Amino acid sequence: MAIRISGLNSGLDTDSIVQELVSAYRTKQDKYTKAQTKLSWKQDAWKEMNTKIYNFYSKSLSNMRRIGNFTNKKITTVSDSTKATVSASSSVMNGTQTLKVNKLARAGYLTGQELKASDGEKIENNTQLSKLGIKSGTLKLKVGNETKTVEVTDSMTVKDFTKALNEQGISASFDTNQQRFFLSSSETGTSHDFNFVAEDQASLNMLNSLGLATEANFKEANVTPDKDAKFAIKDAAENAEIVLNGAVFTGESNKFSINGLNITATGVSEEMTISTSTDVDGIYNMIKDFLKEYNEVMNAMEKGYNAPTAKGYEPLTDDEKDAMSDKEVEKWETKIKDSILRRDDTLRSVMSGMSSHMSKVFEINGKNYSLASFGIKTAGYFNSAENESYAYHIDGDADDSVSSSNDDQLRKMIEEDPDAVAEFFTQLATSVYDNLHEKMGSTTLSSAYKVYNDKQMQSEYDEYTKTIKKWEDKLKDMEDYYYKKFSAMETALAKLQSQTNSLSSLLGG
């Protein structure tokens, strides 16, 4: 770097002169810097636009291609919803069926007798079983077809005992207010039922002390109970039983899945009616939501394409920004950013492709259908709101002021021929989807799932970086060159001044 000596001897404003001399180089650098800035804004605009397009493509549009999203929409009701709830899969034909609930599935329950501790104290969860007269031993029980055992000791607490039962698949608790055990099977149905087994006097005594002995236990142990003996109450588990269209079905739970019907029995009933029909509102709203998202994407693209011109506006240099207020800078830059996709060829191509495929005609069962067949149309170029010329409106849609007064053709078509509606919209969505899929394919200029040339733009951005660096280096070299020249001039003037002073001194000046 040249030594930069200011004009001490010449009196010249060296810095200003040098900057004027290299201004052409700075102008070149600024030109490419502005171009790169503008390109970066275009990249940002396309990223935002591509996100909107991709979200529509991957969600709403993709879902509309699946026929099941139409046929799955069924409404199934039961004449007495207090006794059963029913839902239907797409395989269930529209119509009525009969249902009767004979029995509900239930778990097995055992309600123990009220207990009294030997010391007369209230029994708590931390009370040891010895205070109930329990001696160590083994309790045997059957859970379903499986035999299980519980080792009982006199040092166990009430809480320890209920925990041991829970570990064997029995839901057990002790109610300290009622002073008795409450047990139930973990699931409904006869295969999950349980019973204690009293094979001898010792096991019967233990059950009796716990308040869990039933009358059946006395018979098992071959012991005759006292005439005033009290027994634990055992309610056996039961399977559910329903009658669907005359056929009897049993199950261990109250839930049945039969030929596409999902039935949950909630109460014993007389014969009821199950009615299945097309979910007209569900299909209508799915189509309406699809068109709403399509309109939002198309409106955004049209707005970008038709944006007002920003002719004469270029990104600002740092010096230009310094001469403006922050609000002025923001307003200036917004003007450019808002117009960055104006008349963009790629944007036009995407809009053209989507609108072209949305206007296609498809043959279904020998009849041609288009969106207009379902009362779905654009408002027309002259009647559309600004940047909404591609937007579709559904006749009779109460939320749409453009078409709300027209007859509701779409809802009528769904009610009369839901299969044709489903077939048309799946074909339409597939056509639009395939068109976008092709545009989003990876190429040497663009990445996958990008409708614009992101790779090409990034390459151009990188080239700008290299070019700007080249002009920065040239500018620096020229500055150094001129400063070196001025430095030499100042040095020569200094020597001349020194010689002049010396001559003047010799002449007596």
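In β6, glutamate 151 is the bridge partner of threonine 138, and β5 and β6 pair in the antiparallel sense over seven bridges, where pairing requires that DSSP finds at least two bridges between two strands. This is a predicted model, in which local features need pLDDT of at least 70 and side-chain atom pairs count only at pLDDT 80 or more, whereas totals for chains, interfaces and linings use all residues. Residues are numbered from 1 along each chain as its sequence is written, and side-chain values use heavy atoms, with hydrogens and water left out.

Three strands form an open antiparallel sheet in the order β6-β5-β9, with β6 and β9 as the edge strands, each pairing on one side only.

The buried residues of helix α4 are Val158, Phe161, Thr162, Ala164 and Leu165, buried meaning under 20% relative accessible area and exposed over 50%, with partly exposed in between (1.4 Å probe, protein chains only). Seen down the axis of α4, these residues fall within an arc of 155° (taken from the directions from the helix axis to the C-beta atoms), so they line one face of the helix. The face turned away from that buried side carries the exposed residues Lys159, Lys163 and Glu167. What covers the buried residues of α4, by contact (heavy atoms within 4.5 Å), includes the strands tabulated here.

| Strand | Residues |
|---|---|
| β5 | 137-143 |
| β6 | 146-152 |
| β7 | 170-175 |
| β8 | 180-185 |
| β9 | 194-197 |

Helices (H or I, at least four residues) and strands (E, at least two) are DSSP runs, numbered from the N terminus.
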